[in-house]
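Okay, everyone, thanks for coming.

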Amino acid sequence: MPESTDHLTHVEAIKPPAGFLERHPSTPFLADFEEYKKLYRQSIDDPETFFGNMAREHLSWSKPFDQARYPPGTGFQNGDAAAWFLGGELNASYNCVDRHAIANPDKPAIVYEADEPGEGRVISYGELLKEVCQIAQVLTALGVKKGDTVAVYLPMIPEALVTLLAIARIGAVHSVVFAGFSSGSLRDRINDANSKVVITTDESKRGGKAIETKKIVDEALKSCPQVHNVLVFKRTGNQHIPWTDSRDLWWHEEKQRYPPYVAPTPVQAEDTLFLLYTSGSTGKPKGIQHTTAGYLLGALLTTKYVFDVHPQDVLFTAGDVGWITGHSYVVYGPLLNGATTVVFEGTPAYPNYSRYWDVVDQHKVTQFYVAPTALRLLKRAGSSHVEKHDLSSLRALGSVGEPIAPEVWEWYNEHVGRGKAHICDTYWQTETGSHIITPLAGVTSTKPGSASFPFFGIDPVILDPTTGEELTSTVAEGVLAVRSPWPSMARSVWGDYNRFLDTYLRPYPGFYFTGDGAARDKDGFFWILGRVDDVVNVSGHRLSTAEIESALIEHPLVAESAVVGFPDELTGSAVAAFVSLKHKNLEDVAETKKELVITVRKEIGPFAAPKLILLVNDLPKTRSGKIMRRILRKILAHEEDQLGDISTLSDPTVVKHLIQVVHENF
Ligand code: PRX
């Protein structure tokens with residue numbers, strides 16, 4: 001666990017910004033914190049009634065559900081997750097698009113900000129419905145049926161949203177692979193999900209540079225024999241992309257064959273809406289499986305209550321559709337609420353550090369949501385980039401993916417929100433589907449660095465990591481778990497329910513285990529203290545150290561490696577790889593290190609590249625051969641005096657050598 005959290009007790013809560021309600025578009029959803037507390041209590045005591053009412057009120061059903069929660073009651077009965085809204089039928093794309101298009105076809109659904117300023121466009125709900133229907137028919141013609149998975153490898157363009165909604169419209173399952181992943185990672189995910197159709201672009205644009213997206217897909221498909229079609233959206237028009245006539249089809253050519261409307265296919269509430277692969281303690285990524293109704297309700301309610309999103313609002317989530325943040329708060333949450341979502345293709349630094357604020361100013365963005373890593377970059381670039389913009393439209397400012405340091409929180413509050421926008425540090429995971437611990441804009445008092453209180457239906461507990469006992473005193477520190485299922489929690493790992501149970505529900509029986517450490521202060525605020533497993537959070541990207549180790553071993557010179565995270569000012573954590581080589585007398589050490597970094601970039605993707613490679617003679621192992629990463633972390637932090645018990649090492653002299661290598665290199 002991280003060092004003592006005593007200092008948290010002295011942080012004072014800050015009230016919601018004065019004037020929040022004056023700039024509010026209509027009647028607030030909640031009158032005050034007392035009303036939140038009342039509703040929260042109901043959601044915990046009787047989740048069936050609470051979420052049953054919410055689901056009837058907020059979602060459109062083609063067949064009403066019979067039972068809101070199965071089995072009824074609370075808790076993880078029999079050690080399984082609950083099923084929600086059984087008997088009910090609905091369609092995700094109908095809920096996101098049709099009902100708003102019917103009511104108001106000209107209303108903007110998507111504001112697309114292209115990588116190059118000025119090249120974007122606005123897409124109305126009516127236009128979105130047409131696009132979704134046409135691509136849905138293209139997919140049907142390609143043989144995609146209800147329950148089939150479709151792999152998506154797309155940049156942040158409106159067509160990414162169209163794709164997801166078209167897949168959902170025919171009852172199929174989308175499996176988005178972040179377009180920063182390498183061909184090898186893409187191949188593994190396509191094969192694990194057994195996807196037979198892939199949707200991609202010719203190229204992508206990011207920060208002024210073109211990325212050879214189709215080439216990466218083609219490389220992956222060399223080992224995916226089941227894939228029979230690739231649908232390609234023309235993004236840049238480069239003539240020189242690889243093409244296989246019998247397999248590849250142009251999006252624009254196929255789309256025009258079909259009429260503008262096709263009826264949505266109703267699915268069961270518990271039918272799978274999507275898979276999203278994420279990293280855990282082992283090398284093999286897990287296809288986290290989310291179901292339709294529960295997930296939609298979670299994305300809808302959190303967007304509404306956490307960010308105070310009203311239909312006339314413009315939400316700008318600067319996250320990628322390849323991660324859960326993009327799924328829940330670029331695509332589903334804003335559209336379910338009938339609001340406008342900004343789809344931003346670029347980077348915060350292109351063409352200069354004003355880019356986010358240009359977008360906020362130009363489109364009168366009301367909610368802005370980003371990871372602290374981007375804020376650290378922008379804070380470092382200087383406040384002058386923010387100051388010249390009119391940001392008065394902003395009411396809520398979200399933070400996600402990693403802890404936000406108090407000085408970054410203050411900068412966000414002062415320079416972006418100008419004291420008038422409510423900062424919401426939202427804690428959640430791919431597996432939780434939507435926010436689980438978070439302030440509610442305009443309602444919850446906040447403390448910089450704390451994610452504050454649980455969302456409706458979330459009953460968080462702090463457990464003693466060793467005994468698994470619940471720590472019931474208000475001030476507590478341990479591992480974070482949740483006592484009872486909630487609608488948007490994942491239901492399984494694709495094809496491996498046992499692994500789902502082993503990872504989340506069996507480590508602490510009766511609870512969902514988050515994998516994070518947490519503390520609760522005297523006022524009941526929750527503070528997230530970071531992962532307690534072998535997961536490293538680099539710039540808000542979740543990486544498994546075991547996956548990076550498996551990548552390194554692909555290099556012919558590598559005998560063994562151990563990967564750990566270490567603090568980094570800009571990216572939060574960075575990756576350090578301790579590597580022992582098969583041949584000790586290397587001629588060019590720098591060249592070898594470069595090759596090792598390239599190996600990881602190639603095997604996983606550029607975002608996983610180690611910042612530090614340390615060539616060592618041996619690794620610290622127990623007699624049974626287990627690598628003691630704790631020792632490596634301590635040595636990297638230059639805390640050699642706090643190594644703890646090293647007598648269990650098979651060769652304790654290795655420690656001296658490791659200390660020397662770290663001192664020479666870092
Ligand atoms: O360690 C926590 C951290 O990100 C992990 C989840 O990563 P992922 O599934 O990729 O989802 C990221 C976007 C939700 C968590 O286990 N994390 C997420 N939000 C926060 C956070 N750590 C601290 N504060 C947060 N607000």
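Before anything else, one cut-off: when I say buried, I mean under 20% relative accessible area, exposed is over 50%, and partly exposed sits in between. And keep in mind that this is a predicted model.

So, with that cut-off, let me start with a pair I like. Asp-313 has 2% relative accessibility, so it counts as buried. Its partner is Arg-395, and the two side chains meet in a salt bridge, 2.7 Å from N to O. Arg-395 is buried as well, with a relative accessible area of 3%. Where do Asp-313 and Arg-395 lie? Asp-313 is in the loop between H9 and strand E16, which covers 314-317. Arg-395 is in the loop between helix H13, residues 384-387, and strand E19, residues 396-400. So this pair ties together parts that are 82 residues apart in sequence.

How many salt bridges does the count come to? It comes to 38. Glu-219 and Lys-222 make one through their side chains, at 3.0 Å from N to O. Here Glu-219 is partly exposed at 41% relative accessibility, and Lys-222 is exposed, at 64%. Then there's Arg-187 with Asp-188, where the closest N and O atoms are 3.1 Å apart. Both ends are partly exposed: Arg-187 has a relative accessible area of 28%, and Asp-188 has 42%.

Let's stay in that stretch for a second. Helix H6 runs over residues 183-193. Which residues of H6 are buried? Those are Ser-183, Gly-184, Ser-185, Leu-186, Arg-189, Ile-190 and Ala-193. Just after H6, have a look at Asn-194, which takes a positive phi of about 55°.

Okay, let's zoom out to the whole chain. We have 19 helices and 30 strands. The radius of gyration is 24 Å, close to the 26 Å that the globule rule gives for 666 residues, so the chain is as compact as a globular protein of that length. If you put a box around the C-alpha atoms along the principal axes, you get roughly 70 × 65 × 55 Å. Buried residues make up 60% of those 666. And if you take contacts with a separation of 6 or more, 72% of them come from residues 24 or more positions apart. The accessible surface comes to about 25200 Å², and carbon and sulfur atoms account for 51% of that.

On annotation, UniProt, in an unreviewed entry, lists residues 36-96 as "domain: Acetyl-coenzyme A synthetase N-terminal". In the model, that span is 44% helix and 16% strand, with its end C-alpha atoms 26 Å apart. The unreviewed entry also lists residues 98-489 as "domain: AMP-dependent synthetase/ligase". That one is 31% helix and 22% strand, and its end C-alpha atoms are 26 Å apart.

Now, the inside. In soluble globular proteins, nonpolar side chains tend to be buried together. Here the largest nonpolar core has 125 residues, and Phe-85, Leu-128, Tyr-332 and Phe-456 touch the most other members. Which helix gives the most to this core? Helix H9, residues 292-307, with 10 residues. Apart from that core lies another, of 37 residues, including Ala-151, Phe-181, Trp-323 and Ala-577.

Leaving out residues up to four places away in sequence, Phe-85 touches, among others, Phe-51, Trp-61, Phe-65, Ala-269, Leu-297 and Pro-487.

Last stop: Leu-463, which is found in strand E21, residues 460-463. Is Leu-463 buried or exposed? Its relative accessibility is 0%, so it counts as buried. Tyr-508 is 45 residues from Leu-463 along the chain, and their C-alpha atoms are separated by 8.6 Å.

That's my tour. Happy to take questions.

Note on methods:
Residues are numbered from 1 along each chain as its sequence is written. This is a predicted model: local features need pLDDT of at least 70, side-chain atom pairs count only at pLDDT 80 or more; totals for chains, interfaces and linings use all residues. Side-chain values use heavy atoms; hydrogens and water are left out. A nonpolar core is a set of buried Ala, Val, Leu, Ile, Met, Phe, Trp, Tyr and Cys residues joined through side-chain atoms within 4.5 Å. Buried means under 20% relative accessible area, exposed over 50%, partly exposed in between (1.4 Å probe, protein chains only). Helices (H or I, at least four residues) and strands (E, at least two) are DSSP runs, numbered from the N terminus. Contact means heavy atoms within 4.5 Å. A salt bridge is a side-chain nitrogen of Lys or Arg within 4 Å of a carboxyl oxygen of Asp or Glu. UniProt positions are given in the numbering used here, feature names are shortened, and annotations may be inferred rather than shown by experiment. The radius of gyration is taken over C-alpha atoms; the globule rule is 2.2 Å times the number of residues to the power 0.38. Accessible areas come from the Shrake-Rupley method with a 1.4 Å probe; for residues, only the protein chains shown count as cover.
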